[in-house]
Amino acid sequence: MEWIALRGSVFDIADLYGARLRYSDLRGVQATFACFGQADLTGANLRDAAFSWCEMEGLNLSKSGGVHTRFQNCGLEQSIWHAARYEGANLSDLRANGAEFNGAVLRDCLIHDCRMGNVNFMCADLQGTEFKRVVLHGANMRNADLRGTTIEDIELIGAILPDAAPKAWREAHARQNR
């Protein structure tokens with residue numbers, strides 16, 4: 001299935017494992033306790049969508065986008081966000097180890113209380129994003145745009161930072177990687 005109009009749909013305890021929802025209209029979707037593991041949401045519109053307590057391991061969100069999208073208490077391990085564009089999104093209480101955000105735009109987002117070990121933010125635009133209580137062990141942030149980001153209580157052990165990383169990032173990295 002591609003190009004499906006599911007705007008405003010509610011998925012409560014739904015199994016969408018491996019679903020092919022490429023370029024679908026998922027604006028305002030509400031999903032709770034749903035399984036989206038290995039699903040393909042490439043190019044989907046997720047404006048104002050909210051995902052809570054969902055299992056999304058291996059989910060493909062490449063070229064998808066949304067404004068004010070919420071991913072809360074979800075498992076997004078090994079998820080793919082290549083060239084995705086999210087503004088003002090709330091990513092909190094996530095397990096996103098090994099996620100690929102290569103070339104993604106995550107502007108003015110909130111990333112709080114997340115475990116994001118070995119995540120790839122290479123060439124990502126993270127301008128204005130707030131990182132609080134985030135584990136970024138082994139993260140690749142080479143060439144990421146961190147202008148205007150704020151950090152609080154983050155772990156950067158083994159992380160690779162961009163050459164132009166803001167002072168707060170460089171200082172946190174230096175303290176943790178002695």
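Q: As what does glutamate 130 count by its relative accessibility?
A: This is a predicted model, in which local features need pLDDT of at least 70, side-chain atom pairs count only at pLDDT 80 or more, and totals for chains, interfaces and linings use all residues. Residues are numbered from 1 along each chain as its sequence is written, and side-chain values use heavy atoms, with hydrogens and water left out. Buried means under 20% relative accessible area and exposed over 50%, with partly exposed in between (1.4 Å probe, protein chains only). Because its relative accessibility is 22%, glutamate 130 counts as partly exposed.

Q: With which side chain does that of glutamate 130 meet in a salt bridge?
A: A salt bridge requires a side-chain nitrogen of Lys or Arg within 4 Å of a carboxyl oxygen of Asp or Glu. At 3.9 Å, N to O, the partner of glutamate 130 is lysine 132.

Q: Which residues do salt bridges that share partners join into one network?
A: The structure holds 15 salt bridges. Some share partners, and the network they form consists of Glu2, Arg20, Arg22 and Asp40.

Q: How many residues apart are arginine 133 and aspartate 113?
A: The side chains of arginine 133 and aspartate 113 form a salt bridge at 2.6 Å, N to O. Strands are DSSP runs (E, at least two residues), as helices are (H or I, at least four), and both are numbered from the N terminus. Arginine 133 belongs to strand S10 (residues 130–135) and aspartate 113 to strand S9 (residues 110–115), so that the pair links distant parts of the chain. Their separation is 20 residues.

Q: Is aspartate 25 buried or exposed?
A: Aspartate 25 forms a salt bridge with arginine 27 (2.6 Å, N to O). Arginine 27 is partly exposed because its relative accessibility is 26%. Aspartate 25 has a relative accessibility of 18% and therefore counts as buried.

Q: In which loop is the place of phenylalanine 33?
A: Phenylalanine 33 is partly exposed because its relative accessible area is 48%. Its place in the chain is the loop between strand S2 (30–32) and strand S3 (50–52).
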